[in-house]
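Trainee: Could we go through this model together, starting with the terms and then moving on to single residues?
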Amino acid sequence: MLVKDRSKSLRIKKLEVFQRRLIQNHPKLLTIADELGGRLAGHHGEQSNDYFLKPFLSKGYTVLHDLRLAAHDSFFQIDTLLISTRYILILEVKYITGTLHFDHLNQVIRVRDDGSEEAFQNPIYQVKRQRSHLTDWLSRNRVPNLPIHSFVVMSNPRTIIKSLPSHKEVLQYVTHSPYLQERIQVFDKMYSVEKLTKKEITKLSKLLVRQHTPDNPDLLKRYQIEEKDIIKVVYCTKCFYMPVVRKYGAWFCSKCSLKYVSLHLPTLEDYALLYGTSISNKEACDFLQISSRHVATRIFSSMNLPYTGSGKGRRYHLQLPT
């Protein structure tokens, strides 16, 4: 059963807003494009790995994607968590091109097709830390003790994995997506005693979802982007043309020649990703580029948004896109 689906992270969505709304030739555009490209590749790799988990959804397994849980004064993230009545499995999915060398220094060297090299954090130690954090989290939440295992899953079928013969942990922890089903079946044969009932698994999965805390980084601060660098207009979601203008209660795209009633919604989502979920009437007029505060008030009323304050001090509360 799939309890928590996979979606784009807030970080990816924020990077997409920057790519869409930063002024032309902004010095940070290339850096942002590089980070966005890498994170989208990772996201697509995770999605492709989900295909190999489909057989387990109907076999009594509970699956949760993209978990971020508290670990004392920090957080730990899990790409995919499989829960059975007998054990738990952590999957850390990597989409990496080239050849990966796991050497005796406990580091990973990626060799690209052009021969260039890059050092990576050893993902085996990453999944070991995740296992330790999850063990502690389960203990703190009084979940019955049960075996926890983990895999580093290479979702790119063309990734070549090399290691020293003495580095047996690579064989133990690292696999490609197509072989994941066989590796999980080994655990099915290994564990026959049920540690959790289905009712306890349902309770645990709800607790995991409830305590999940999405990562919401301040990328404006990280990339030192000023407000003057942001293009503030409503854009067309079909052709991405800017600006779309409002006439007679609707939005008109001069490029598509189409009329939209609710085109302000994705633009207000952009605002929430950039500046936070609290917005005033004046801020809405500025970001949507509309001259009438009465139009902004009607837009907010049509959205049935919660608000605090009154008069010029009223602030409406948007929701971050899920």
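Mentor: Let us begin with burial: a residue is called buried under 20% relative accessible area, exposed over 50%, and partly exposed in between, with a 1.4 Å probe and protein chains only. Keep in mind that this is a predicted model, where local features need pLDDT of at least 70, side-chain atom pairs count only at pLDDT 80 or more, and totals for chains, interfaces and linings use all residues. Residues are numbered from 1 along each chain as its sequence is written, and side-chain values use heavy atoms, with hydrogens and water left out.

Trainee: OK, so is His264 buried or exposed?
Mentor: His264 counts as buried, because its relative accessibility is 5%.

Trainee: And which helix is His264 found in?
Mentor: His264 belongs to helix H9, which covers residues 264-275; helices here are DSSP runs of H or I with at least four residues, strands are runs of E with at least two, and both are numbered from the N terminus.

Trainee: What does His264 touch, leaving out residues up to four places away in sequence?
Mentor: With contact meaning heavy atoms within 4.5 Å, His264 touches Arg246, Trp251, Leu288, Ile299, Ser302 and Met303 on that basis. The side chains of His264 and Trp251 are also joined by a polar contact of 3.2 Å, that is, a pair of N or O atoms within 3.5 Å in which, within protein, one must be able to donate a hydrogen and the other to accept it, and residues adjacent in sequence count only if both atoms are side-chain atoms.

Trainee: Switching to rings, how many aromatic pairs are there?
Mentor: The structure holds eleven aromatic pairs. One of them is stacked, Tyr235 with Phe240, at 6.0 Å centre to centre and 5 degrees between the planes. Rings of Phe, Tyr and Trp (its six-membered ring) pair if their centres lie within 6.5 Å, and planes under 30 degrees apart count as stacked, over 60 as edge-to-face and the rest as tilted. Tyr235 is buried, because its relative accessible area is 6%.

Trainee: Which residues form one aromatic cluster?
Mentor: That cluster is made up of Tyr87, Phe151, Phe187 and Tyr191.

Trainee: Where does Tyr125 lie?
Mentor: Tyr125 lies in helix H4, residues 123-140, and is partly exposed, because its relative accessibility is 29%. Not counting residues up to four places away in sequence, Tyr125 touches Asn106 and Glu169.

Trainee: Last one, how many helices and strands does the protein chain have?
Mentor: The protein chain has eleven helices and 16 strands, and 44% of its 322 residues count as buried.
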